[in-house]
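Try each task before reading its solution.

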Amino acid sequence: MPKSSKVSNTEWGLVIGALACVDGAQVFLDIVFFGWLNPLIDIMVGASLTLYCFLRGVKLDSKKALSILGSFLIELVGTQTLDTLPLWSLDGIALMLLDKADGKLPNLPI
């Protein structure tokens, strides 16, 4: 059986909660006209999430890497409308689901 990461469901919940706080802070910054800080926040969150996955043993295969990269690019390049979407939170949920699926599926030769 394939080995999954060392991240528990509780820890994934805390990570998703932290990402939701980042999304909320970015919406608040857009409201109070400090939205110019959001690209800096996106760079920090994208790098931190990637480092977190690496340190906790989450195998960053193509699906997970593209998930982080896609969220990062949409948040970074996004307009005011796209910037208010909770993409980091959704990315955390996607990473959790993909990580949990890795531990349940057998290694296939394809």
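**Exercise 1: the core**

Leu49 touches Val15, Leu19, Ile68, Trp88, Asp91 and Leu95, leaving aside residues up to four places away in sequence; contact means heavy atoms within 4.5 Å. The model is predicted: local features need pLDDT of at least 70, side-chain atom pairs count only at pLDDT 80 or more, and totals for chains, interfaces and linings use all residues. Numbering runs from 1 along each chain as its sequence is written, and side-chain values use heavy atoms, without hydrogens and water.

Task: which elements give two or more residues to the largest nonpolar core?

Solution. Start with the core: it has 13 residues, and those with the most contacts inside it are Trp12, Val15, Leu19, Leu49, Trp88 and Leu95. A nonpolar core is a set of buried (under 20% relative accessible area) Ala, Val, Leu, Ile, Met, Phe, Trp, Tyr and Cys residues joined through side-chain atoms within 4.5 Å. Two or more residues come from each of helix 1 (9–31), helix 2, helix 3 and helix 5. Helix 2 gives the most, with 4 residues. Helices are DSSP runs (H or I, at least four residues), numbered from the N terminus.

**Exercise 2: Ser89**

Task: is Ser89 buried or exposed?

Solution. Locate Ser89 in helix 5 (residues 87–104). Its relative accessible area is 10%, so Ser89 is buried. Next, list its contacts beyond four places in sequence: Ile16, Leu19, Ala20 and Asp23.

**Exercise 3: Leu40**

Task: where is Leu40 found?

Solution. Leu40 is found in helix 2, which spans 38–55.

How values were computed
Buried < 20%, exposed > 50% of the residue type's maximum accessible area, 1.4 Å probe, protein only.
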